[in-house]
Amino acid sequence: MLIAMAGLPAAGKSTLADILGARLSASVVSVDPIESAILEAGIDSDQPTGLAAYLVAETIAGLVLESGHDVIVDAVNGVDPAREQWVGLAKSRGETLRFIEVICSDPEVHRERLEARGRRLPHLNELSWHAVEQSLDEYLPWAGASAAVPRITLDSARPLGVNVDAALAFITT
């Protein structure tokens, strides 16, 4: 199975992905550390390093699926081309795809999480709240083939355990 996370930065995707990965014995492939490594390799930040990170994540996820293991992709996936990438990967491998979208309905909580996080990604700058607000403006409604894929939207303002249980129930149905 391929599980693709989606949501704004600091909404709680990575926390949920890590817990689900542990519970399901699934590999978690995260785009941000990949992009950090690309930058560490000396690729200029004015290059499309985000796109490159998504493509590397797709390759790694494909290899994990080929080895017979489930994989969770941790990425914003805020636009159709990113979402369609996972639809195409699942289709090409004959795998089930589920999207888990994470939102945070409480802007104050969301901002506090953003400002408190320390991701230990030396080549990626921590995002400002303004950058997250810009990401919201760029986050597109679900359309195309990705809109037809089963998706659950979880609100990280709710207790983490409630969201984990809801995600597990969604994935296993």
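**Group meeting talk: a walk through one predicted model**

Okay, let's start with helix H8. What covers its buried residues? Among the elements that do so are strand E1 (2-6), helix H1 (13-24), E4 and strand E5 (151-155). Before I go on, please keep in mind that this is a predicted model.

So, a bit more on H8 itself. Helix H8 runs over residues 160-171, which is twelve residues. From its first C-alpha to its last it reaches 16 Å, close to the 16 Å expected at 1.5 Å a residue. Which of its residues are buried? They are Asn163, Val164, Ala167, Leu168, Phe170 and Ile171. If you look down the axis of H8, those buried residues fall within an arc of 160°, so they line one face of the helix.

Valine 164 lies in helix H8, and with a relative accessibility of 3% it counts as buried. What does valine 164 touch, once we leave aside its neighbours within four places in sequence? The contacts are Leu16, Ile19, Leu20 and Arg23. For a sense of distance, take valine 164 and serine 146: they sit 18 residues apart in sequence, and their C-alpha atoms are 22 Å apart in space.

Now over to the rings. There is one aromatic pair in the structure. Its partners are phenylalanine 99 and tryptophan 142, in an edge-to-face arrangement, with 4.8 Å centre to centre and 70° between the planes. Phenylalanine 99 belongs to strand E4 (residues 97-103), while tryptophan 142 is in the loop between helix H6 (129-138) and helix H7 (144-147), so the pair ties together parts that are 43 residues apart in sequence. Buried or exposed, these two, phenylalanine 99 and tryptophan 142? Both are buried.

Arginine 83 lies over its face, at 4.0 Å from the ring centre. Arginine 83 also lies over the face of tyrosine 139, this time at 5.2 Å from the ring centre.

And arginine 83 brings us to the salt bridges. How many are there in the whole structure? A search finds four, and I'll talk about some of them.

Arginine 83 forms a salt bridge with aspartate 80, with the closest N and O atoms 3.5 Å apart. The two are three residues apart in helix H4, so about one helical turn separates them. Arginine 83 is buried, at a relative accessible area of 0%, whereas aspartate 80 is partly exposed, at 21%.

Next, arginine 151 and glutamate 101, whose side chains meet in a salt bridge at 3.1 Å, N to O. Arginine 151 is in strand E5 and glutamate 101 in strand E4, so this pair ties together parts that are 50 residues apart in sequence. Glutamate 101 counts as buried at 7% relative accessibility, and arginine 151 is partly exposed with a relative accessible area of 34%.

Last one: glutamate 66 and arginine 93, with side chains meeting in a salt bridge at 3.1 Å, N to O. This pair links distant parts of the chain, 27 residues apart, with glutamate 66 in helix H3 (residues 49-66) and arginine 93 in helix H4 (residues 80-93). Glutamate 66 counts as exposed, at 53% relative accessibility, and arginine 93 as partly exposed, at 32%.

Methods: Residues numbered from 1 in each chain as written. Predicted model: local features only at pLDDT ≥ 70, side-chain atom pairs only at ≥ 80, totals over all residues. Heavy atoms only, no water. Phe/Tyr/Trp six-rings, centres within 6.5 Å; stacked < 30°, edge-to-face > 60°. Helix = DSSP H or I, 4+ residues; strand = E, 2+ residues; numbered from the N terminus. Buried < 20%, exposed > 50% of the residue type's maximum accessible area, 1.4 Å probe, protein only. Lys NZ or Arg CZ within 6 Å of the ring centre and 35° of its normal. Expected span 1.5 Å × (residues − 1). Arc of directions from axis to C-beta. Contact = heavy atoms within 4.5 Å.
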